[in-house]
Amino acid sequence: MAVAEHVKTPAIASATGRSDWPYIPDLLTQPVPRYTSYPPATAFHPAIAAPEYQQALNDIAPATEVSIYIHIPFCQQICWYCGCNTGAAGRKERLDAYISALESELSAVAAILGGRVRVRHIAFGGGSPNAIEPVQFVRLADRITTLFDATDPAISVEIDPRSFTMEWALALAACKVSRVSLGVQTLSPHVQSAIGRVQPAELIESCVAALRLRGIGDINFDLMYGLPHQQLADLEDTIDQAAAMLPSRIALFGYAHLPQMIPRQRRIDGNLLPDLNDRFLQAQLGYNKLINMGYVPVGFDHFALPEDSLAIAAEKGNVRRNFQGFTEDACQILLGFGASAISQFPDLIVQNEKNVGRYRELINGGQLPIAQGVSLSDADKKTAQKIEHLLCNLNTDLNGLQLSSEQNARLAEFCRLGLIKQNEASLHITESGRHYSRYIAQALT
Ligand code: SF4
């Protein structure tokens, strides 16, 4: 790879002068995994399935602390840009049948574990967990705490503001939910129209107020750049409005337009998307603006107020990366429930059947609903550990990695570009390289 000759100075200076990342189009056009796991999901295969999962569950030592993830693959309204495994909520019977299957899966795994684990974190994601009824959510949360040893777990829930109600605020408070993540994405009306997600800023404000009224103060906003019709001024205005609501965390993601793989994205006209340079400038503007507002950067796309637990974990070097992104969750085992949910062990990753109908059939047939997965070799575990540390802390030691001459050449190129500093024992990502963290991680694989 020879990209140095294509490095360009951004078309504008950074908004704040805090960070001027080099613009390297030859890198930015290359596909790269998100590295929410290593090996990434593209390495999963059907030969690793229910027997391996059952064995991994059997092997968990007594009193091991674990996290639970519950996937609700439904939304009341489907957004055109969405790449999640979700569908229209539709009839109540369909939701009831899904929740019944979820409860069966929870019971089956709890029976295998026989009370051996302690649940420290429970995350509800999707889709939109609030596509179901609040009473169904309360029942699910109750089911988890009666099936597992879950004394005072940290509970987080993703919420679609468009289908949020006062009943939901009460249900979340009753279940002792400590953190809510709101899908905000953009507050520019013309961009909202272009992505099929219209939600005025007042709706977000009332949602935040209702949560705070019920004592839920840890609130995350998901924002996006690279959206159709979105310009730098739109992103700047969205960040100003969002930050005025004082979310304790903000995640700023780039929109990935993949209409061949994600049919619902065909409603978005690719010609209306910012070009590569504008998209890069948006990422940089968002980063600089949030830093100047006092948010602490965590990894390459998360930001937290200094008093937030994620920022504190970052300060201590305790941030982890899992399927939900950057987290302070220290558990080594994640148990996923629901269609497409992923379970993670130190030497195994498995994923449930993605199709809701087939997921229910497997559960109703008395099977663990695993569709695919991957076993980690010792070398995989070593690489996974280095990549996680690199993405979370912007540095890693290289002990135990056998880098090929091609890998070393890639790292040398990144050194020349000023994206990393490296010696024989370690490498660290410079501030100029933060935006390119995943490309640098890829060089270790
Ligand atoms: S609400 Fe979230 S999960 Fe549902 S369609 Fe929109 S982006 Fe996707």
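Let's start with Met166, which is found in helix 5, residues 166-174. Helices here are DSSP runs of H or I, at least four residues, and strands are E runs of at least two, numbered from the N terminus. This is a predicted model: local features need pLDDT of at least 70, side-chain atom pairs count only at pLDDT 80 or more, and totals for chains, interfaces and linings use all residues. Residues are numbered from 1 along each chain as its sequence is written, and side-chain values use heavy atoms, with hydrogens and water left out.

Buried means under 20% relative accessible area, exposed over 50%, partly exposed in between, with a 1.4 Å probe and protein chains only.

Now, Gln265. Its place is the loop between strand 8 (249-254) and helix 9 (276-292). Gln265 counts as buried because its relative accessibility is 1%.

What does Gln265 touch? Leaving out residues up to four places away in sequence, its contacts include Trp80, Tyr81, Cys82, Tyr255 and His257. Contact means heavy atoms within 4.5 Å. The Gln265 side chain also reaches the backbone oxygen of Ala256, at 3.2 Å.

Next, Cys79. In sequence, Gln265 and Cys79 are 186 residues apart. In space, they are 8.7 Å apart, C-alpha to C-alpha.

Last, the annotation. UniProt, in an unreviewed entry, lists residues 60-301 as "domain: Radical SAM core". UniProt positions use the numbering used here, feature names are shortened, and annotations may be inferred rather than shown by experiment. That span is 39% helix and 22% strand. Its end C-alpha atoms lie 33 Å apart.

Notes: Polar contact = N/O pair within 3.5 Å; in protein donor to acceptor, adjacent residues only side chain to side chain.
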